[in-house]
Each structure stands twice: as structure tokens, then as C-alpha cells.
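Hi everyone, thanks for making time.

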Amino acid sequence: MAQEEAGRLPQVLARVGTSHGITDLACKLRFYDDWAPEYDQDVAALKYRAPRLAVDCLSQALQGPPHDALILDVACGTGLVAVELQARGFLQVQGVDGSPEMLKQARARGLYHHLSLCTLGQEPLPYPKGTFDAVIIVGALSEGQVPCSAIPELLRVTKPGGLVCLTTRTNPSNLPYKEALEAALDSLEQAGAWERLVTQPVDHWELATSEQESGLATCANDGFISGVIYLYRKQETAQGTPQRD
């Protein structure tokens, strides 16, 4: 298997590099539709660690029996986050994604109680406020995917006292988006909507697809780009978030 992954790595790097370069959302979703059947094996070749690391971070902070927690996986893709959640005993998982073909792959896993087609940033999440014990979004916070303006929507559907786990890449090509994202996160914290519990930098996020994407840090990180995990707790009485029943 490792030899097979190594053999397809140049193709994978080219494909993922193309994905990172698409900044138009409609084009990005069409790209993901085409990519869906091979997505899992491609990100395995890329040594993509974000789903496991993000779920580790979330699961350590969630209180109570894991099977009681209702979790929303936003931009769920093929369901890699759900695989990690189930491995840790979280069985009540729902998912949304903007790609019908990605949802088809996720549905085939049989790990989600419900899946919905939803393009966050263009439409609200299809849930009432305060529905979920935790909301997690992995791999979708970058240019051309989920805009920073959609972050309050994640908070809206989280229960008071619930958790929101988010990730983004921190390599040079994604730094402008990361800066805008952190401004949005900080603004909500300053408004008293949530409090930051964790900021977890990760050096080995996934293999870099090019020198331009990675910058000078790649050699020090064995060819990997870096990323970061954020974890927030929604205030019991949240302020500054949109209210929609």
C-alpha cells in the first residue's frame, strides 16, 4: 500500500495543488464532485492528518459520555472526520457539504445519522439555533471555500456551553485567509459570544504540493506544510451572534 501511495504521489500533489489554487466557490465544488471517488486515497498519499488531530482535540474537551453528544460535521466531504469520531465512541453525527458527490461517498460509510447538501457561506445551516453539543469543520477554511463571514453560523447552531472546533492551513499561501479568519474569531470572542480554549499549531499537517505553497519552512518540516486547530466554547449566554429559529 505504501508503495502504491508513493507511486501516485506526483499525481496527487498536482491535484491537491490545483484544488488549493481555485478561489471561485462554484469551480471548487465542481472540482470536489469530480475528485470525490479518489479523494480518500489521495489524501492518504498526502499524509493528511487534520481529521484525526482535530477530533483528538475536540474529544478531550467534550464532557459526558461520547455516545450522548450530538455533533455536526460541517464540510464533511467523504466522512473522514466521522471515521475518527466513531473510533472515539461518538455515534450521533450529522453532516453537511456543498458537493453532492462528496455526500454520496459520506453516505456510503453509514456513519452519519443525517446528511444535508448545504453550501455554507451561500446559505445558512439547515438547523435551529442551539442544536448541537459540538460543531467541527476540518479542511474547508481557506480561500475559495467557506468564507470567514460564515463563522457566526457555526456558533448559532451550537448549544450554549457547546464546543466549536475549526482548522486551517498556516503555510504561506494561506496566510492572508488565516489572518482574516483569526480576526473573525477574535471579534466573536471580544463580543462575548465564545471563549478560546485551545490554539494548537501543527507542523506536519500534510505534504506540501509545491515549493511556492510551502515557502522556506518545508525543509525543516520534512516536506510538510503546517496548520492550526482552534477550539472554542460558546458562552452560556452568547452575544453578538445571529438569532434564527
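A quick word on the ground rules. This is a predicted model, where local features need pLDDT of at least 70 and side-chain atom pairs count only at pLDDT 80 or more, while totals for chains, interfaces and linings use all residues. Residues are numbered from 1 along each chain as its sequence is written, and side-chain values use heavy atoms, with hydrogens and water left out.

Okay, the big picture. The protein chain has nine helices and seven strands. Those are DSSP runs numbered from the N terminus, with helices being H or I of at least four residues and strands being E of at least two. Of the chain's 245 residues, 51% count as buried. Buried here means under 20% relative accessible area, exposed means over 50%, and partly exposed is in between, using a 1.4 Å probe and protein chains only. Now take the contacts between residues at least 6 apart in sequence: 72% of them join residues at least 24 apart. Contact means heavy atoms within 4.5 Å.

On to the sheet. In what order do the seven strands of the open sheet sit? They run S3-S2-S1-S4-S5-S7-S6, and the pairing is mixed. Two strands pair if DSSP finds at least two bridges between them. At the edges you'll find strand S3 (114-117) and strand S6 (194-207), each pairing on one side only. Neighbouring strands are turned by 15° against each other on average, direction ignored.

Let's zoom in on two pairs. Strand S1 (residues 70-74) goes with S2 in the parallel sense, over five bridges, and Asp73 stands opposite Gly95 in S2. Five of the six residues of S2 are buried, so S2 is largely enclosed by the rest of the structure. Then there's strand S4 (residues 132-137), which pairs with strand S5 (residues 158-169), also in the parallel sense and over five bridges. There, Ile137 has Leu166 in S5 as its bridge partner. Helix H8 (residues 175-190) packs on the sheet and touches S5, S6 and strand S7 (224-234); its direction makes about 15° with that of S7. Angles like that run from 0 to 180 degrees between N-to-C directions, and the axes are lines fitted to C-alpha atoms, for helices over the stretch in contact. As for S5, 10 of its 12 residues are buried, so S5 is largely enclosed by the rest of the structure.

Helix H6 (residues 100-109) lies across strand S2 (92-97) and S3, running at about 175° to S3.

Now for the two loop residues. Thr119 lies in the loop between S3 and S4. Is Thr119 buried or exposed? It's buried, with a relative accessible area of 11%. Not counting residues up to four places away in sequence, Thr119 touches Leu25, Leu29 and Gly98. Thr131 also lies in the loop between S3 and S4. At 19% relative accessibility, Thr131 counts as buried. Leaving aside neighbours within four places, Thr131 is in contact with Leu70, Val157, Thr158 and Lys159. Thr131 and Leu72 are 59 residues apart in sequence, yet 9.1 Å apart in space, C-alpha to C-alpha.

Last topic: the gaps. Rolling a probe the size of a water molecule over the atoms shows where empty space is left. On a 1 Å grid over the protein atoms alone, a cavity is a set of points where a 1.4 Å probe fits but cannot get out; a pocket is an open set with protein on both sides within 12 Å along at least five of seven lines; and lining residues have an atom within 4 Å of a point. How much space lies in the largest cavity? About 590 Å³. Its lining has 40 residues, and Tyr32, Val138, Gly139, Ala140 and Gln145 lie nearest the centre. The largest share of that lining, five residues, comes from H2.

The largest pocket has a volume of about 160 Å³. A volume is the space filled by probe spheres set on the grid points, which are joined across faces, edges and corners. Among the residues lining this pocket are Asp40, Tyr48, Arg52 and Glu84. Helix H3 (39-45), helix H4 (50-61) and helix H5 (80-87) are the elements giving two or more residues to that lining.
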